[in-house]
Amino acid sequence: MRVRELLIEERTHNGVHASSKKQLLDQVAQLAAASCDSLNEQEVFDALVAREKLGSTGIGEGIAIPHCRLGHCQKPVGLLLKLTDPIDFDAVDGRPVDLVFVLLVPQENPEEHLKTLSHLASLFNDDSYRQGLRSSDNNHGLYLTAVESEAEVRLAS
């Protein structure tokens, strides 16, 4: 699944403040539940924390892609957050994280979940994509950059 299929502007948040990974995941759960009626804040938080206990979803270069499967999730949902200040996320390269793409998917269809994760990791591995997101200064700009730059990255690869 592509970013444009996962993300809507209302789930794009520029200038998020969090002092820790746990606080960030708590905010993510609140934002997810507020934007999707079928999602339960506590269920989202618990599932994201459980997934992080298996290993950090910080993929390097200041990027984290927290993800989990949920029983009450009707369709894949994405949230994009740009943090005001980078936080420690136990990323593979040890760098703090300032860009976070959250992927919440239905319990079934793990193959689609893995394909989507692979696509997101590849996309965020592109330096120009990351820099475009980092240069955005509001929710609308962040959303447009995320969606429109995805096509440019795909064309270049």
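Visitor: Is phenylalanine 124 buried or exposed, and what is its relative accessible area?
Guide: This is a predicted model. Buried means under 20% relative accessible area. Phenylalanine 124 falls under that cut-off, so it counts as buried, with a relative accessible area of 2%.

Visitor: How many aromatic pairs does a search of the whole structure find?
Guide: Rings pair if their centres lie within 6.5 Å. Searched on that basis, the whole structure gives two aromatic pairs.

Visitor: Are the planes of phenylalanine 101 and phenylalanine 124 stacked, edge-to-face or tilted?
Guide: The ring centres are 6.1 Å apart and the planes stand at 55°. Planes under 30 degrees apart count as stacked, and over 60 as edge-to-face.

Visitor: Which elements hold phenylalanine 101 and phenylalanine 124, and how many residues apart are they?
Guide: Phenylalanine 101 sits in strand β6 (residues 97–106). Phenylalanine 124 sits in helix α4 (residues 110–124). The pair links distant parts of the chain, β6 and α4, 23 residues apart.

Visitor: How are the rings of phenylalanine 124 and tyrosine 129 arranged?
Guide: Their centres are 5.3 Å apart. Their planes make an angle of 80°. Over 60 degrees counts as edge-to-face. The angle of 80° passes that mark, so the pair is edge-to-face.

Visitor: Which residues do the ring pairs link into a cluster?
Guide: Tyrosine 129 is buried, with a relative accessible area of 1%. The ring pairs link Phe101, Phe124 and Tyr129.

Visitor: Which residues does valine 153 contact, leaving aside neighbours within four places in sequence?
Guide: Valine 153 lies in helix α6 (residues 139–156). Its relative accessible area is 12%, so it is buried. Its contacts, those sequence neighbours aside, are Leu123, Asp126 and Tyr129.

Visitor: Where is glutamate 150, and which residues is it in contact with beyond four places in sequence?
Guide: Glutamate 150 belongs to helix α6. Its relative accessibility is 0%, so this residue counts as buried. Its C-alpha atom is separated by 9.7 Å from that of leucine 120, 30 residues apart along the chain. Beyond four places in sequence, its contacts are Arg2, Val3, Arg4, His119, Leu123, Tyr129 and Thr145.

Visitor: At what angle do the axes of helix α2 and helix α3 cross?
Guide: Two packed helices are described by the angle and the distance between their axes. Helix α2 spans residues 21–35, and helix α3 spans residues 41–54. Their crossing is right-handed. The axes come within 8 Å and cross at roughly 140°.

Visitor: How do the residues of the contact of α2 with α3 divide into nonpolar, polar and charged?
Guide: The α2 side includes Leu25, Val28 and Gln30. The α3 side includes Val44, Phe45 and Glu52. The division is nine nonpolar, one polar and five charged.

Visitor: Lysine 21 lies over the face of which residue, and at what distance from the ring centre?
Guide: Lysine 21 is in helix α2. With a relative accessible area of 15%, this lysine is buried. Among the residues it touches beyond four places in sequence are Glu52, Ser56, Asp88 and Phe89. Lysine 21 lies over the face of phenylalanine 89, at 4.8 Å.

Visitor: Is isoleucine 87 buried or exposed, and which residues does it contact?
Guide: Isoleucine 87 is part of strand β5. Its relative accessibility is 4%, so it counts as buried. Neighbours within four places in sequence aside, its contacts are Ala18, Ser19, Ser20, Lys21, Leu24, Pro96 and Val97.

Visitor: What is phi of glutamate 61?
Guide: Most residues other than glycine have a negative phi. Glutamate 61 lies in the loop between β2 (58–60) and β3 (63–64). It is partly exposed, with a relative accessible area of 34%. Its phi is positive, near 60°.

Visitor: Where is aspartate 90, and what is its phi?
Guide: Aspartate 90 is in the loop between β5 (77–87) and β6. Although aspartate 90 is not a glycine, its phi is positive, at about 55°.

Notes: Residues numbered from 1 in each chain as written. Predicted model: local features only at pLDDT ≥ 70, side-chain atom pairs only at ≥ 80, totals over all residues. Heavy atoms only, no water. Axes fitted to C-alpha atoms, helices over the stretch in contact; angles between N-to-C directions. Helix = DSSP H or I, 4+ residues; strand = E, 2+ residues; numbered from the N terminus. Left-handed = near helix turned anticlockwise from the far one by under 90°. Contact = heavy atoms within 4.5 Å. Nonpolar A, V, L, I, M, F, W, Y, C, P; charged D, E, K, R; others polar. Phe/Tyr/Trp six-rings, centres within 6.5 Å; stacked < 30°, edge-to-face > 60°. Buried < 20%, exposed > 50% of the residue type's maximum accessible area, 1.4 Å probe, protein only. Lys NZ or Arg CZ within 6 Å of the ring centre and 35° of its normal.
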